[in-house]
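This report describes selected local features of one protein chain. The sequence and structure are shown first.

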Amino acid sequence: MRPRDYWLFFLSNFALMIAALIGVAESSPEFLKMPLLWLIVVSTWLLQVSATVRRLHDTGTSGAMIFVSGVPFLGPICLMILLVSPGEHGANRYGDDPVRPALAPQPF
């Protein structure tokens with residue numbers, strides 16, 4: 001996943017979450033608001049975490065580095081640097097390069 005693709009996903013996911021939260025908050029009855037809000041927040045959060053781990057794997061870093069963001073002040077900055085850095089060229093220990101795939105074997 002290229003940095004550009006990740007950030008476009010991040011922005012679209014964030015915009016959809018905000019739009020859904022506003023829509024639920026304005027139109028739903030009171031007893032339905034909280035479960036729907038939790039469903040929206042958890043589902044978008046899971047999508048974002050999986051995309052972030054995929055991006056970290058593309059840079060050759062463990063997905064566990066997402067927990068660095070929990071360190072006050074410096075943690076989010078370190079994670080941001082990892083997320084904006086270019087991915088490794090070629091395959092790494094997490095798989096093939098999704099941007100530049102290896103040449104497929106030629107059939108006989």
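## Nonpolar core

A nonpolar core is a set of buried Ala, Val, Leu, Ile, Met, Phe, Trp, Tyr and Cys residues joined through side-chain atoms within 4.5 Å. Buried means under 20% relative accessible area, exposed over 50%, and partly exposed in between, with a 1.4 Å probe and protein chains only.

The model is predicted: local features need pLDDT of at least 70, side-chain atom pairs count only at pLDDT 80 or more, and totals for chains, interfaces and linings use all residues. Residues are numbered from 1 along each chain as its sequence is written, and side-chain values use heavy atoms, with hydrogens and water left out.

The largest nonpolar core has seven residues: Met1, Tyr6, Ala51, Leu56, Ile66, Leu79 and Leu83. Helix 2 and helix 3 are the elements that contribute two or more residues to this core; helices (H or I, at least four residues) are DSSP runs, numbered from the N terminus.

## Helix 2

Methionine 34 and valine 41 both lie in helix 2. Valine 41 counts as partly exposed because its relative accessibility is 34%.

## Loop residue phenylalanine 73

Phenylalanine 73 is located in the loop between helix 2 (30-58) and helix 3 (74-84). Although phenylalanine 73 is not a glycine, its phi is positive, at about 65°. This residue counts as exposed because its relative accessibility is 74%.
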